[in-house]
Amino acid sequence: MTKPDWFKYDTVIASIREFLSLIELEANQMLHLVLDNAPWHKKAIRLIEDLNNTEYADIRAKVRFIRMPPYSPDLNPIEQVWRITRREVTHNRYFKTLDLLAKKLDSYFEKLSVPNPKLMDLCLFKYKS
(Lines give C-alpha, C1' and ligand atoms only; values in the text may rest on other atoms or scores of the structure.)
Protein backbone atom coordinates (compact mmCIF):
# COMPACT_ATOMS: atom_id res chain seq x y z
CA MET A 1 0.00 0.00 0.00
CA THR A 2 1.33 3.44 -0.83
CA LYS A 3 1.68 5.99 1.92
CA PRO A 4 -1.33 8.29 2.09
CA ASP A 5 -0.86 12.02 1.81
CA TRP A 6 -3.02 12.44 4.87
CA PHE A 7 -4.90 10.19 7.24
CA LYS A 8 -8.59 10.17 6.53
CA TYR A 9 -11.39 7.73 7.18
CA ASP A 10 -10.89 6.14 3.75
CA THR A 11 -7.20 5.47 4.40
CA VAL A 12 -8.18 3.81 7.69
CA ILE A 13 -10.73 1.63 5.89
CA ALA A 14 -8.20 0.76 3.17
CA SER A 15 -5.65 -0.18 5.86
CA ILE A 16 -8.15 -2.43 7.61
CA ARG A 17 -9.00 -4.15 4.31
CA GLU A 18 -5.32 -4.60 3.49
CA PHE A 19 -4.65 -6.08 6.93
CA LEU A 20 -7.60 -8.46 6.55
CA SER A 21 -6.21 -9.61 3.20
CA LEU A 22 -2.94 -10.58 4.90
CA ILE A 23 -4.40 -12.74 7.66
CA GLU A 24 -6.56 -15.83 7.69
CA LEU A 25 -9.44 -15.93 10.10
CA GLU A 26 -11.18 -19.19 10.80
CA ALA A 27 -14.93 -19.45 10.32
CA ASN A 28 -16.78 -17.32 12.88
CA GLN A 29 -13.49 -15.89 14.16
CA MET A 30 -13.48 -12.13 14.71
CA LEU A 31 -10.66 -9.64 14.82
CA HIS A 32 -10.89 -7.12 17.67
CA LEU A 33 -9.30 -3.83 16.68
CA VAL A 34 -8.54 -1.15 19.25
CA LEU A 35 -8.74 2.40 17.90
CA ASP A 36 -8.29 5.72 19.59
CA ASN A 37 -10.53 8.75 19.17
CA ALA A 38 -8.87 10.33 16.16
CA PRO A 39 -11.60 11.86 13.99
CA TRP A 40 -10.67 9.65 11.03
CA HIS A 41 -10.98 6.54 13.23
CA LYS A 42 -14.36 7.60 14.57
CA LYS A 43 -15.75 8.26 11.08
CA ALA A 44 -14.40 4.94 9.74
CA ILE A 45 -15.99 3.06 12.65
CA ARG A 46 -19.29 4.90 12.20
CA LEU A 47 -19.41 4.04 8.49
CA ILE A 48 -18.38 0.41 8.96
CA GLU A 49 -20.81 -0.24 11.82
CA ASP A 50 -23.77 1.32 9.97
CA LEU A 51 -25.91 -1.73 9.19
CA ASN A 52 -27.58 0.13 6.33
CA ASN A 53 -24.22 0.60 4.60
CA THR A 54 -23.50 -2.56 2.57
CA GLU A 55 -20.21 -1.16 1.20
CA TYR A 56 -18.42 -2.17 4.40
CA ALA A 57 -20.23 -5.43 5.18
CA ASP A 58 -17.01 -7.36 4.45
CA ILE A 59 -15.21 -5.57 7.27
CA ARG A 60 -18.20 -5.67 9.61
CA ALA A 61 -18.32 -9.48 9.22
CA LYS A 62 -14.73 -9.87 10.45
CA VAL A 63 -13.92 -6.93 12.75
CA ARG A 64 -15.23 -5.67 16.07
CA PHE A 65 -13.98 -2.31 17.24
CA ILE A 66 -12.88 -1.45 20.74
CA ARG A 67 -12.82 2.28 21.36
CA MET A 68 -10.26 3.72 23.73
CA PRO A 69 -11.46 6.15 26.37
CA PRO A 70 -11.01 9.82 25.45
CA TYR A 71 -7.72 11.43 26.49
CA SER A 72 -5.95 8.20 27.37
CA PRO A 73 -2.50 8.27 25.75
CA ASP A 74 -1.21 6.09 28.58
CA LEU A 75 -3.37 3.25 27.20
CA ASN A 76 -2.20 3.70 23.61
CA PRO A 77 1.07 1.84 22.91
CA ILE A 78 1.78 3.89 19.78
CA GLU A 79 2.26 6.95 21.99
CA GLN A 80 5.33 5.26 23.48
CA VAL A 81 6.66 4.59 19.98
CA TRP A 82 6.16 8.27 19.05
CA ARG A 83 7.92 9.35 22.26
CA ILE A 84 11.02 7.27 21.62
CA THR A 85 10.99 8.18 17.91
CA ARG A 86 11.08 11.87 18.75
CA ARG A 87 13.89 11.28 21.23
CA GLU A 88 16.02 9.15 18.89
CA VAL A 89 15.25 10.65 15.48
CA THR A 90 13.84 14.16 15.47
CA HIS A 91 14.49 15.87 18.81
CA ASN A 92 16.69 18.94 18.48
CA ARG A 93 17.54 18.14 14.86
CA TYR A 94 17.10 20.27 11.79
CA PHE A 95 15.96 18.72 8.51
CA LYS A 96 16.46 20.94 5.51
CA THR A 97 13.48 19.45 3.67
CA LEU A 98 10.38 17.50 4.54
CA ASP A 99 11.65 14.75 2.24
CA LEU A 100 14.82 14.34 4.34
CA LEU A 101 12.71 14.09 7.50
CA ALA A 102 10.43 11.50 5.86
CA LYS A 103 13.43 9.43 4.73
CA LYS A 104 14.93 9.49 8.23
CA LEU A 105 11.63 8.42 9.79
CA ASP A 106 11.04 5.74 7.16
CA SER A 107 14.50 4.33 7.86
CA TYR A 108 13.81 4.29 11.61
CA PHE A 109 10.36 2.72 11.25
CA GLU A 110 11.75 0.08 8.87
CA LYS A 111 13.75 -1.26 11.83
CA LEU A 112 10.51 -1.50 13.81
CA SER A 113 8.58 -3.25 11.02
CA VAL A 114 9.55 -6.69 12.30
CA PRO A 115 9.05 -7.91 15.86
CA ASN A 116 11.98 -6.95 18.04
CA PRO A 117 12.71 -6.49 21.75
CA LYS A 118 12.66 -2.67 21.57
CA LEU A 119 9.22 -2.50 19.97
CA MET A 120 7.89 -5.18 22.30
CA ASP A 121 9.14 -3.25 25.31
CA LEU A 122 7.55 -0.02 24.08
CA CYS A 123 4.18 -1.65 23.48
CA LEU A 124 3.88 -3.80 26.59
CA PHE A 125 1.83 -2.63 29.50
CA LYS A 126 3.81 -2.91 32.70
CA TYR A 127 1.73 -3.15 35.81
CA LYS A 128 3.03 -3.08 39.33
CA SER A 129 1.24 -5.39 41.70
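At what angle do the axes of helix α1 and helix α2 cross? In this predicted model, the axes of α1 (residues 9-22) and α2 (residues 39-49) cross at roughly 65° and come within 8 Å. Axes are lines fitted to C-alpha atoms, for helices over the stretch in contact, and angles run from 0 to 180 degrees between N-to-C directions. Residues are numbered from 1 along each chain as its sequence is written. The model is predicted, and local features need pLDDT of at least 70, side-chain atom pairs count only at pLDDT 80 or more, and totals for chains, interfaces and linings use all residues; side-chain values use heavy atoms, with hydrogens and water left out.

The protein has 6 helices and 2 strands, where helices (H or I, at least four residues) and strands (E, at least two) are DSSP runs numbered from the N terminus. The order of the elements from the N terminus is α-β-α-α-β-α-α-α. The C-alpha trace spans about 50 × 45 × 30 Å along its principal axes. Of the 129 residues, 23% are buried; buried means under 20% relative accessible area, exposed over 50%, and partly exposed in between (1.4 Å probe, protein chains only). Contact means heavy atoms within 4.5 Å, and among contacts between residues at least 6 apart in sequence, 60% join residues at least 24 apart.

Two packed helices are described by the angle and the distance between their axes. The crossing of α1 past α2 is right-handed; in a right-handed crossing the near helix is turned clockwise from the far one by less than a right angle, and in a left-handed one anticlockwise. On the α1 side the contact is made by Tyr9, Val12, Ile13 and Ile16, and on the α2 side by Trp40, His41, Lys43, Ala44, Leu47 and Ile48. These residues comprise 8 nonpolar, 1 polar and 1 charged. Ala, Val, Leu, Ile, Met, Phe, Trp, Tyr, Cys and Pro count as nonpolar, Asp, Glu, Lys and Arg as charged, and the others, Gly among them, as polar.

The axes of α4 (residues 77-90) and α5 (residues 98-111) come within 11 Å and cross at roughly 120°. The two helices are therefore oblique to each other, a class left over once angles under 35 degrees are counted as roughly parallel, over 145 as roughly antiparallel and 65 to 115 as roughly perpendicular. This crossing of α4 and α5 is also described as right-handed. Val81, Trp82, Ile84, Thr85, Glu88, Val89 and Thr90 of α4 meet Leu101, Lys104, Leu105, Tyr108 and Phe109 of α5. The contact has 8 nonpolar, 2 polar and 2 charged residues.

A nonpolar core is a set of buried Ala, Val, Leu, Ile, Met, Phe, Trp, Tyr and Cys residues joined through side-chain atoms within 4.5 Å. The largest one has 14 residues, and Ile13, Ile16, Leu20, Ile48, Ile59, Val63 and Phe65 have the most contacts inside it. At least two residues of this core come from each of α1, β1 (31-35), α2 and β2 (63-67). Beyond its neighbours within four places in sequence, Ile59 contacts Ile13, Ile16, Arg17, Leu20, Ile48 and Phe65. A second, separate core of 6 residues includes Val81, Val89, Tyr108 and Leu122.

Asn28, in the loop between α1 and β1, has a positive phi near 65° although not a glycine, and counts as exposed at 80% relative accessibility. Ser72, in the loop between β2 and α4, counts as buried at 10% relative accessibility.
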